[in-house]
Amino acid sequence: MIAALLRRDLAQFFPFTGSGAALPVVFFVAVAMLFPFAVGPDANLMARTGGGVVWIAALLAAILPLEKLVARDIELGFFDQLKLRGMAEEAMMAVRLIAHWLSFGPPLVLATFPAAALLKIEGETFQILLLGLISGTPGLAAIGLIIAALTASLRAGAALSGLLLIPLALPILIFGAGALARQDPVSLGFVAAISLALVALAPFAAGAAIRAAREN
Amino acid sequence: MQALSPALSAHDLACRRGDRLLFRRLTFTLEAGAACHVTGANGAGKTTLIRALAGFTTPYAGEVRHTGALALLDERPGLDPDLPLGRALAFWFGLDGAAGGQAIMARLRLEALAEVPVRYLSTGQKKRAALARMLGQAAPVWLLDEPLSGLDTASQALVSELVQEHCADGGIALIASHQPLDVPDMTAFAIEDFAPSEAEA
């Protein structure tokens, strides 16, 4: 049952298979592409600030898929039907988290290669950036899932979720982008730790949120 | 795996929506083979009752019980709008381990629509697709919320026929609808009979 649900969720959310699911990755690369146009082609400046730009682009790209992540399946009665088949909301949300991360984390990490080339990020900085995104995107996905589930029953949920994600993602951004500024991979440990804690928490928080959404 | 004989009951049930008490002191028991028609005007609390029976909401007072798996048919088909109908149904058939998905689709005259994305289906076609999903589940207890809405006359007759067969096989069906159903030996109650009096409200 879990495997069938994961297959279905991946088909819904994976880039180029689901509807408009490639948008976050395209958006991410577009930001990296626009930045040199905006600040001028100074390689030094870009190498210094580019990593931060990539992090901000990743954070904003994480907001894009949230609208469809949970609300649509609540409206469809999809979770209700799963519930009748004895599946716990926590399990549904854990599967959704895996599918969401797989359809957003790895494509984003891959898109970092062209983005880094556009921003003249090279060598150790590039490695730290890549490691940071690998350890940070699960956390971003987890925050996104919690927020999507919490705002699913609200009318202005989509707009609100963007606003909510930004402050919650701040610790990941501070440690992730901070590692770049100090050229210090150690603080990536904090990024990974925050991500792990969020990933462990997300299925329970999101599961409780969709249960509560049924009550009104 | 022969389960216990199915049952569905509510005891001294009261539900509200928002601050408004919709019904109270609702008690009934349905045993294997029973069909029950719940009538009531729009907003009287039929859907609220169904959702409480399904275990989605916590009743304000009283309790609900069921033995055997529940199947729910309501206005939301639970089928992915972007997928062709055949694949959207195949997901649920696979999950429920339903054999004879083709036969079910044929019964509901859906074969010709198998390649059509769910979002292009009409209201009645979606309802028939949801019925197909429910038949594949093969659950002993059916909760049907307005199963006739949007259906043409032939399909409405088919719903009555499906309910009859289901109950003849020892299943239970609770049907909330303001339209009449042609099912012999069906009990009925009006949800308004359990509405609180002015003083209680």
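What percentage of the 201 residues in chain B is buried? The share is 48% in chain A, which has 216 residues, and 44% in chain B. Please keep in mind, as you go through the views below, that this is a predicted model.

**View 1. Chain A, a chain of helices.** Let us begin with the overall build of chain A. Its secondary structure consists of 11 helices, with zero strands, so a walk from the N terminus reads α-α-α-α-α-α-α-α-α-α-α. Among contacts in chain A between residues at least 6 apart in sequence, 81% link residues at least 24 apart.

View 2. Now look at Val54(A): leaving aside residues up to four places away in sequence, Val54(A) touches Ala32(A), Thr112(A), Ala115(A), Leu119(A) and Leu129(A).

**View 3. The loop around Gln183(A).** In chain A, the loop between helix H10 (157–182) and helix H11 (188–214) holds Gln183(A). Most residues other than glycine have a negative phi. Gln183(A) is not a glycine, yet its phi is positive, at about 50°. Is this residue buried or exposed? Gln183(A) counts as exposed, because it has 10 C-beta neighbours inside 10 Å.

**View 4. Chain B, helices and strands together.** Chain B has five helices and eight strands. From the N terminus on, the elements come in the order β-β-β-α-β-β-α-α-α-β-α-β-β. The radius of gyration of chain B is 17 Å, close to the 17 Å from the globule rule for 201 residues, so chain B is as compact as a globular protein of that length. Along the principal axes, the C-alpha atoms of chain B fill a box of roughly 55 × 35 × 30 Å. Among contacts in chain B between residues at least 6 apart in sequence, 75% join residues at least 24 apart.

**View 5. Strand S1(B) and its partners.** Strand S1 of chain B (residues 7–17) runs antiparallel to strand S2 of chain B (residues 20–31), and eight bridges join the two. One pair to find here is Leu13(B) with its bridge partner in S2(B), Leu26(B). The hairpin of S1(B) and S2(B) has two residues between the strands, and Gly18(B) takes a positive phi near 65° there. S1(B) also runs antiparallel to strand S4 of chain B (residues 61–67), joined by six bridges. In S4(B), Ala61(B) is the bridge partner of Ala14(B).

**View 6. Asp12(B), within strand S1.** Staying with strand S1 of chain B, we come to Asp12(B). Asp12(B) is not a glycine, but its phi is positive, at about 55°. With 12 other C-beta atoms within 10 Å, Asp12(B) is exposed.

**View 7. The two domains of chain B.** The domain assignment of chain B gives domain 1 (1–69 + 142–201) and domain 2 (80–138). The C-alpha centres of domain 1 and domain 2 of chain B lie 24 Å apart. Where these domains of chain B touch, the contact takes five residues from domain 1 and five residues from domain 2. On the domain 1 side, the residues by class are two nonpolar, two polar and one charged.

**View 8. Where chain B touches chain A.** How many residues does the contact take from chain B and from chain A? There are 15 residues from chain B and 15 residues from chain A. On the side of chain B that touches chain A, strand S5 (70–73) and helix H2 (85–96) of chain B each supply at least two residues. This side of chain B has seven nonpolar, four polar and four charged residues.

Key: Residues are numbered from 1 along each chain as its sequence is written. Chains are lettered from A and ligands numbered from 1 in the order in which they are written. This is a predicted model: local features need pLDDT of at least 70, side-chain atom pairs count only at pLDDT 80 or more; totals for chains, interfaces and linings use all residues. Two strands pair if DSSP finds at least two bridges between them. Helices (H or I, at least four residues) and strands (E, at least two) are DSSP runs, numbered from the N terminus. Two residues are in contact if their C-beta atoms, placed from the backbone, lie within 7 Å. Ala, Val, Leu, Ile, Met, Phe, Trp, Tyr, Cys and Pro count as nonpolar, Asp, Glu, Lys and Arg as charged, and the others, Gly among them, as polar. Domain bounds come from an automatic or database domain assignment. A residue is buried if 20 or more other C-beta atoms lie within 10 Å of its own, exposed if 12 or fewer, and partly exposed in between; C-beta atoms are placed from the backbone. The radius of gyration is taken over C-alpha atoms; the globule rule is 2.2 Å times the number of residues to the power 0.38.
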